Structures are given as structure tokens and as C-alpha cells.
Amino acid sequence: MGAAALVVTAVYFFLRSRKGLALTAIRDNETAASSLGIDIWRTKFIVYVVTSALTAVIGALTFL
């Protein structure tokens, strides 16, 4: 239960950070976000890494 709370809290704070705002801009309009100076590839890569890390934590606990 603690790991689930940790993951939800991490996602909440990640979405409220500058990268979260960049994700919102990318979701709304990728071309406009790129013209504002947001590195789309790097932002998406960071999201994939964070998502895989949090999924690995939950998967490891499930395995145990």
C-alpha cells in the first residue's frame, strides 16, 4: 500500500513540475510546444524512464 501511495505522490509532483507543464503543452499541440522551445524527444524520453522505473518498483514488490 505504501508503494502505491509513493507512486501516486511521485506522479502528482512530476505533473506539477516544469516537465509536467511541458507534457501538457505537448499533449495540446506538439508543433506549438516545439516552437516554444520544448525539447519534445527529451521530454517524452524522461516520461518513459520515470514510468518504467515506477512500474519496476511495483513489479518487484508483486514478485516478492
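Hi everyone, let me start with W41: this residue is exposed, with a relative accessible area of 63% (exposed means over 50%, buried under 20%, partly exposed in between, using a 1.4 Å probe and protein chains only). Before going on, a word on the source: this is a predicted model, where local features need pLDDT of at least 70, side-chain atom pairs count only at pLDDT 80 or more, and totals for chains, interfaces and linings use all residues. Residues are numbered from 1 along each chain as its sequence is written, and side-chain values use heavy atoms, leaving out hydrogens and water.

Now the overall fold. The protein has four helices and zero strands, where helices are DSSP runs of H or I with at least four residues and strands are E runs of at least two, numbered from the N terminus. With a radius of gyration of 14 Å, well over the 11 Å that the globule rule gives for 64 residues, the protein is more spread out than a compact globule; the radius is taken over C-alpha atoms, and the rule is 2.2 Å times the number of residues to the power 0.38. Of the 64 residues, 17% count as buried.

Next, the aromatics. Two aromatic pairs turn up; rings of Phe, Tyr and Trp (its six-membered ring) pair if their centres lie within 6.5 Å, with planes under 30 degrees apart stacked, over 60 edge-to-face and the rest tilted. Y12 and F13 are edge-to-face, at 5.4 Å centre to centre and 75° between the planes. W41 and F45 are stacked, at 5.3 Å and 5°. Those two sit four residues apart in helix α4 (residues 40–63), so about one helical turn separates them. F45 is partly exposed, at 44% relative accessibility.
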